[in-house]
Amino acid sequence: MMPDATVGADRHDPQAWREGLKTGMPTLFGIGAWGLVVGIAMVKTGLTVPQALAMTLIVFAGSAQLASLPLIAAGAPIWVVFATALVVNLRFVIFSALLAPHFAHLPWKQRFGLGYVSGDMTVALFLQRYPSEAPEAGKLSYLLGLMVPNWAAWQIGSIAGIFLGSAVPPEWGLGFAGTLAIICIAVPLVAGRAALCGVLVAGATAVLAAGLPYKLGLLAAVVLGMVCAMVVAELGEKSAKP
Amino acid sequence: MNDWEIWVTIAVLAVATAATRSSFWLVGHHITIPPRIQAMLRFAPACALAAIIAPDLLLGPQGQLQLALSNAKLLAGVAAIVFYLIRRNMLQTIVFGMLAFTGLRLLHVF
């Protein structure tokens, strides 16, 4: 790869940035609502305001934060909280394997930062737009256009939750807006029989394994779903051959 | 947990985020993933999203399976999927889903 070409591809591209923002915009409301729910949960668990602010700003992983709160409340050993967060986050290792090759040429500090803030929705939306790893102008700007507003919406929601706390009645179910945003991102990903099979298996596994310790159900769901999708895809290829 | 233990826990959680999210960004070029595994990993985002959605739609607060019509989240969620398939508009779907959920919850239709 020519260094010049790389520099050109990573130059800030306002149009790609706006395109990313436009794609992610509808999810921001859901993300903010989810942040709000996590913010409220942190304060209700007994975290002080500085602790809750630090957690949302430096941890920035809603599902791991939610999983850690009951453990913190119960006074679980710190290594148990760590192990649980790692298992909840293991899907991000797969996401990073999918996303990182697109930006392998960037300096390590930038790669580290981009990885750190790449949540579920950002990864799914980016890979839908750029399925190929080949360098392309505007890729980085598009990713940032998804990522920066996503981060901001989460933090605004979360900080609002920390300060407003109990002013929002839990029965409003505001967190459901986050689930709805994820539904909208997930539906277009279900293209073809293989993906449909994977999604159904992953969903069923997540429900059946919800009681597993360390939130292992989520990881088991992703792995089983992927394997099933792959099996279906390969069987389809075989039967398609003459 | 006392105060400093919570602070240590927060730091440890940040390490858990960095170690997983930034993993392949930092060491990826030293690792070659076989093409078959790569093909399989492509299904990961959809599976992860499904694994996040399904328990929220199907499980009650105590983790019990709720398949009855009284489950407002399940009904609103299914309605939202259908709505999205027809309209293909995210924001409208989120607003529609929240209205459906709130309506079902307040009116006790079922």
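**Figure 1. Chain A has the radius of gyration of a compact globule.** With 242 residues, a compact globule would have a radius of gyration near 18 Å, and the 19 Å of chain A agrees with that. The radius is taken over C-alpha atoms, and the globule rule is 2.2 Å times the number of residues to the power 0.38. This is a predicted model, in which local features need pLDDT of at least 70 and side-chain atom pairs count only at pLDDT 80 or more, while totals for chains, interfaces and linings use all residues. Residues are numbered from 1 along each chain as its sequence is written, chains are lettered from A and ligands numbered from 1 in the order in which they are written, and side-chain values use heavy atoms, with hydrogens and water left out. Along the principal axes, the C-alpha atoms of chain A fill a box of roughly 60 × 45 × 35 Å.

**Figure 2. Chain A is built from 11 helices and zero strands.** Helices (H or I, at least four residues) and strands (E, at least two) are DSSP runs, numbered from the N terminus. Read from that end, the elements run α-α-α-α-α-α-α-α-α-α-α. Take contacts (heavy atoms within 4.5 Å) in chain A between residues at least 6 apart in sequence: 78% of them join residues at least 24 apart. Buried residues make up 52% of the 242 in this chain; here buried means under 20% relative accessible area, exposed means over 50%, and partly exposed lies in between, with a 1.4 Å probe and protein chains only.

**Figure 3. The surface of chain A comes to about 10400 Å².** As for charge, chain A carries 13 positive and 10 negative charges, and their mean positions are 4 Å apart. Lys and Arg count as positive and Asp and Glu as negative, without His or the chain ends; each charge is placed at NZ of Lys, CZ of Arg, CG of Asp or CD of Glu.

**Figure 4. Chain B has six helices and zero strands.** Its elements run α-α-α-α-α-α from the N terminus on. A compact globule of 110 residues would have a radius of gyration near 13 Å, but chain B has 20 Å. The C-alpha atoms of chain B fill a box of roughly 55 × 50 × 25 Å, again taken along the principal axes. Among contacts in chain B between residues at least 6 apart in sequence, 26% join residues at least 24 apart. Of the 110 residues, 47% count as buried. Chain B exposes about 5800 Å², with 68% of that supplied by carbon and sulfur atoms.

**Figure 5. A:Asn150 is a buried residue of helix H8.** Look for A:Asn150 in helix H8 of chain A, which covers residues 139-164. Its relative accessibility is 11%, so A:Asn150 counts as buried. Leaving aside residues up to four places away in sequence, A:Asn150 touches A:Leu28, A:Ile31, A:Phe60, A:Met121 and A:Thr122.

**Figure 6. A:Cys197 and A:Cys228 touch without forming a disulfide.** A disulfide is a pair of cysteine sulfur atoms within 2.5 Å, and by this rule the count over all chains is zero. A:Cys197 is in no disulfide, and the nearest cysteine sulfur, that of A:Cys228, is 5.2 Å away. A:Cys197 sits in helix H10 (residues 193-208) of chain A. Not counting residues up to four places away in sequence, A:Cys197 touches A:Cys228 and A:Val232. The C-alpha atoms of A:Cys197 and A:Met226, 29 residues apart along the chain, are separated by 9.1 Å.

**Figure 7. A:Tyr214 and A:Lys215 have positive phi values.** Most residues other than glycine have a negative phi. A:Tyr214, which is not a glycine, has a positive phi of about 55 degrees. Phi of A:Lys215 is near 55 degrees, also a positive value in a residue other than glycine. A:Tyr214 is found in the loop between H10 and helix H11 (216-240) of chain A, and A:Lys215 lies in the loop between H10 and H11 too. At 32% relative accessibility, A:Tyr214 counts as partly exposed; A:Lys215, at 44%, counts as partly exposed as well.

Note on methods: Accessible areas come from the Shrake-Rupley method with a 1.4 Å probe; for residues, only the protein chains shown count as cover.
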